[in-house]
Amino acid sequence: QRKDHTGAKMVADSAMEVETMTPVLAYPPSYRDQVRPESDQWAEAVAKGLEDAASADNFTDGWSWTRQLNKIFDLKLSKTLSPELRKRVCGALLSMIQSSSDKLTLFFRAKFCHALARILKKDVHVPDFVVPWKLITDLFDKWHFPKARPQQFIGSSPMTTHSSALVFLARKARPYYGPEAEQELYEYLRPYFCPHDVVQHKGHALLCTMMPTEAVAEGAEGTPFWLEEVVAMMSWADSEQSQTLFFSLLARLARMRVGRVDMTPYLDELFTMMLGAFSLPLGGGGMRKSSGSTPSECNIFRQGGGGRRMAVIAKLIVYLYDGPDGAVHSRLVQLMRVLETFFHPSNGGYWTGTLGAFVLSLSGYTARRIGHEKRGDLPQKTALGRDSIEALYNVLFSALDMGLYSKNKMMSLACAKAFRNFSFTLPTVVLPPLMQRVFEGLGAVTETHQTQSAFDVLCA
């Protein structure tokens with residue numbers, strides 16, 4: 001069901017009609033034509049106010065105009081802004097961030113960084129705009145990695161807000177660091193990659209947060225020069241946080257340069273580290289814990305716990321996946337062969353939630369990649385065909401089938417949602433055997449947990 005602009009419900013009579021239905025309007029027709037002129041006038045006033053505040057170092061007025069800019073974003077009007085207007089706003093915000101005036105407090109800079117990060121969207125490029133990567137690293141060095149810091153700043157609310165906004169800006173500004181930023185940034189951070197010094201955590205965090213991985217020009221080499229060294233660093237990184245950051249960097253690289261980056265020489269090492277990331281009781285191993293404490297300053301780069309780590313690993317696998325005859329498929333088969341035992345309904349433990357997050361993320365990123373391909377965001381020559389999607393589903397089916405009846409609620413729901421994600425793409429493959437298990441679960445008398453799993457599948 002959908003609603004038209006009058007609020008009346010629109011019910012499709014067939015699946016074909018769903019694709020031809022008129023999308024929901026953000027505004028009623030009587031007001032829709034007035035939105036663009038009003039938002040343009042509003043944005044012009046905001047741009048002029050920010051430019052005046054930047055030229056006069058009046059950060060109080062700059063903050064007031066930044067609040068108006070945030071309202072434009074909150075009302076979903078930012079996409080109506082012209083490229084020229086975006087460039088003016090970005091230039092004014094960057095000028096205030098770079099200011100050396102004593103009146104620029106941590107609070108003001110945090111607000112300007114956050115506003116600049118919001119306007120630097122991936123789907124709307126700001127032409128001829130460059131954010132100096134050295135500015136970002138200098139701010140990190142001055143406020144978050146200083147040699148000495150007054151006691152009142154440690155853990156304070158302004159410092160926490162400033163660190164979050166600066167990390168947000170560092171991530172969103174990656175496409176605007178300039179054409180030589182990849183080489184220059186890596187050479188700048190390389191002295192920090194010392195395996196026997198605590199400073200390595202700073203180097204890993206800044207590298208994985210700031211390294212540009214955007215798609216290269218057609219015909220250019222897609223594999224970056226730093227890939228081999230980064231994979232080698234992952235083998236001796238001694239903390240879970242660094243491992244998660246490295247997997248996040250490689251997953252982003254595989255997503256932005258899908259079909260262009262060649263990680264085949266490193267697949268054995270990567271899948272071995274993936275298996276270690278599950279911390280399963282295999283040979284008394286698992287991911288190595290940090291031999292020392294991670295500096296508290298690096299906590300601003302933390303991306304979450306085990307769930308986030310499983311998500312970036314799944315993203316890396318999906319965007320490297322090259323079909324049933326590819327090298328990734330054979331490694332994934334071997335990985336799932338090891339993991340299947342831990343999906344058994346009676347084999348629950350501390351690993352159950354992690355494995356559920358992994359299979360759910362695999363199905364979710366598969367659906368996301370298919371969506372990117374249908375929208376034309378990814379090259380069609382690297383698109384996953386039906387055979388590739390079905391092969392990936394068959395690799396996961398045995399584990400999903402056992403996990404569906406797990407006594408752990410988190411695992412059961414994760415597998416049910418994974419089946420749901422695959423059913424949108426492969427309905428004739430997924431639904432018939434799945435519905436057979438639903439009927440068996442609804443008819444079970446002595447095995448009541450199957451009935452609950454059947455309801456979970458239907459509700460997913």
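## Arginine 88 and its partners

In this predicted model, arginine 88 is partly exposed, with a relative accessible area of 27%. Its side chain meets that of glutamate 44 in a salt bridge, with an N to O distance of 3.1 Å. This pair links distant parts of the chain, since arginine 88 belongs to helix H4 (residues 83–98) and glutamate 44 to helix H2 (residues 29–56), 44 residues apart. Glutamate 44 has a relative accessibility of 36% and counts as partly exposed.

Arginine 88 also forms a salt bridge with glutamate 51, where the closest N and O atoms are 3.0 Å apart. Here too helix H4 is linked to helix H2, across 37 residues. Glutamate 51, at 28% relative accessibility, is likewise partly exposed.

## Other salt bridges

The count of salt bridges comes to 12. One of them joins the side chains of glutamate 240 and arginine 309, at 3.6 Å from N to O. Glutamate 240 lies in helix H11 (residues 240–256) and arginine 309 in helix H13 (residues 306–320), so this pair ties together parts 69 residues apart in sequence. Glutamate 240 is partly exposed at 26% relative accessibility, whereas arginine 309 is buried at 8%.

Through shared partners, salt bridges join Glu44, Glu51 and Arg88 into one network.

## Packing of helices H9 and H10

The axes of helix H9 (residues 200–210) and helix H10 (residues 227–236) come within 13 Å and cross at roughly 135 degrees; the two helices are therefore oblique to each other. Their crossing is left-handed.

Gln200, His204 and Leu207 of H9 make the contact with Val230, Met233 and Trp236 of H10. Of these contact residues, 4 are nonpolar, 2 are polar and none is charged.

Note on methods: Residues numbered from 1 in each chain as written. Predicted model: local features only at pLDDT ≥ 70, side-chain atom pairs only at ≥ 80, totals over all residues. Heavy atoms only, no water. Axes fitted to C-alpha atoms, helices over the stretch in contact; angles between N-to-C directions. Helix = DSSP H or I, 4+ residues; strand = E, 2+ residues; numbered from the N terminus. Parallel < 35°, antiparallel > 145°, perpendicular 65-115°, else oblique. Left-handed = near helix turned anticlockwise from the far one by under 90°. Contact = heavy atoms within 4.5 Å. Nonpolar A, V, L, I, M, F, W, Y, C, P; charged D, E, K, R; others polar. Salt bridge = Lys/Arg side-chain N within 4 Å of Asp/Glu carboxyl O. Buried < 20%, exposed > 50% of the residue type's maximum accessible area, 1.4 Å probe, protein only.
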